[in-house]
Amino acid sequence: MLAKLLGIKKINFMNENTGEQISGTSLYIAFSDENTIGAKCDKVFVRDEKLIPKNLKVNDTLNLGFNYKGKIEFIEIQNS
């Protein structure tokens, strides 16, 4: 899926129910959607163990790949 990167936010907190430390990055994106006039916006969470390109920056066009559970599998920058 192609999307424009609108924002980046680092996340680090303790899950109160499980005691698990959650760390990663929220990516705020905009993309085309057949049921939306203009662009649809969403937030996707990427755990720290996933590879986020080091040169990722706001306004990049990204190619995002998801697994069958809807979790990010890969992130490729389409422009630099």
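User: Which residues does Phe74 touch, not counting residues up to four places away in sequence?
Analyst: This is a predicted model. Phe74 lies in strand β5. Leaving out residues up to four places away in sequence, Phe74 touches Asn63, Leu64 and Gly65.

User: Which residue stands opposite Phe74?
Analyst: Strand β5 runs antiparallel to β4, residues 61-66, and five bridges join the two. Phe74 sits in β5. The residue standing opposite Phe74 is Gly65.

User: Is Phe74 buried, partly exposed or exposed?
Analyst: Buried would need under 20% relative accessible area, and exposed would need over 50%. Phe74 has 36% relative accessibility. That value falls in between, so Phe74 counts as partly exposed.

User: How far apart in space are Phe74 and Phe13, C-alpha to C-alpha?
Analyst: In sequence, 61 residues separate Phe74 and Phe13. In space, C-alpha to C-alpha, the distance is 23 Å.

User: What pattern does the protein chain follow along the sequence?
Analyst: The secondary structure comes to zero helices and five strands. Read along the sequence, the pattern is β-β-β-β-β.

User: In what order do the strands stand in the open sheet?
Analyst: The sheet has five strands, with antiparallel pairing. The edge strands are β3 and β5, and each pairs on one side only. On average, neighbouring strands are turned by 30 degrees against each other, direction ignored. The order across the sheet is β3-β2-β1-β4-β5.

User: Which residues does Leu64 touch, not counting residues up to four places away in sequence?
Analyst: In soluble globular proteins, nonpolar side chains tend to be buried together. Not counting residues up to four places away in sequence, Leu64 touches Met1, Ala3, Ile29, Ile72, Phe74 and Ile75.

User: How many salt bridges does a search of the whole structure find?
Analyst: Side chains of opposite charge can pair when their charged atoms come close. Another is Asp60 with Lys57. The search of the whole structure finds two.

User: How many residues apart in sequence are the parts tied together by Arg47 and Glu20?
Analyst: Arg47 lies in strand β3, residues 40-47, while Glu20 lies in the loop between β1 and β2, so the pair ties together parts whose separation in sequence is 27 residues.
That pair has two partly exposed members: Arg47 at 30% relative accessibility, and Glu20 at 37%. The separation in sequence is 27 residues.

User: Is Asp60 buried or exposed?
Analyst: Asp60 forms a salt bridge with Lys57, with the closest N and O atoms 3.1 Å apart. Lys57 is partly exposed, at 40% relative accessibility. Asp60 has a relative accessible area of 2%, so with the cut-off at under 20%, Asp60 is buried.

User: What share of the 80 residues in the protein chain is buried?
Analyst: The accessible surface of the chain comes to about 5800 Å², and 50% of that belongs to carbon and sulfur atoms. Among the 80 residues, the buried share is 28%.

Conventions: Residues are numbered from 1 along each chain as its sequence is written. This is a predicted model: local features need pLDDT of at least 70, side-chain atom pairs count only at pLDDT 80 or more; totals for chains, interfaces and linings use all residues. Side-chain values use heavy atoms; hydrogens and water are left out. A salt bridge is a side-chain nitrogen of Lys or Arg within 4 Å of a carboxyl oxygen of Asp or Glu. Helices (H or I, at least four residues) and strands (E, at least two) are DSSP runs, numbered from the N terminus. Buried means under 20% relative accessible area, exposed over 50%, partly exposed in between (1.4 Å probe, protein chains only). Two strands pair if DSSP finds at least two bridges between them. Axes are lines fitted to C-alpha atoms, for helices over the stretch in contact, and angles run from 0 to 180 degrees between N-to-C directions. Contact means heavy atoms within 4.5 Å. Accessible areas come from the Shrake-Rupley method with a 1.4 Å probe; for residues, only the protein chains shown count as cover.
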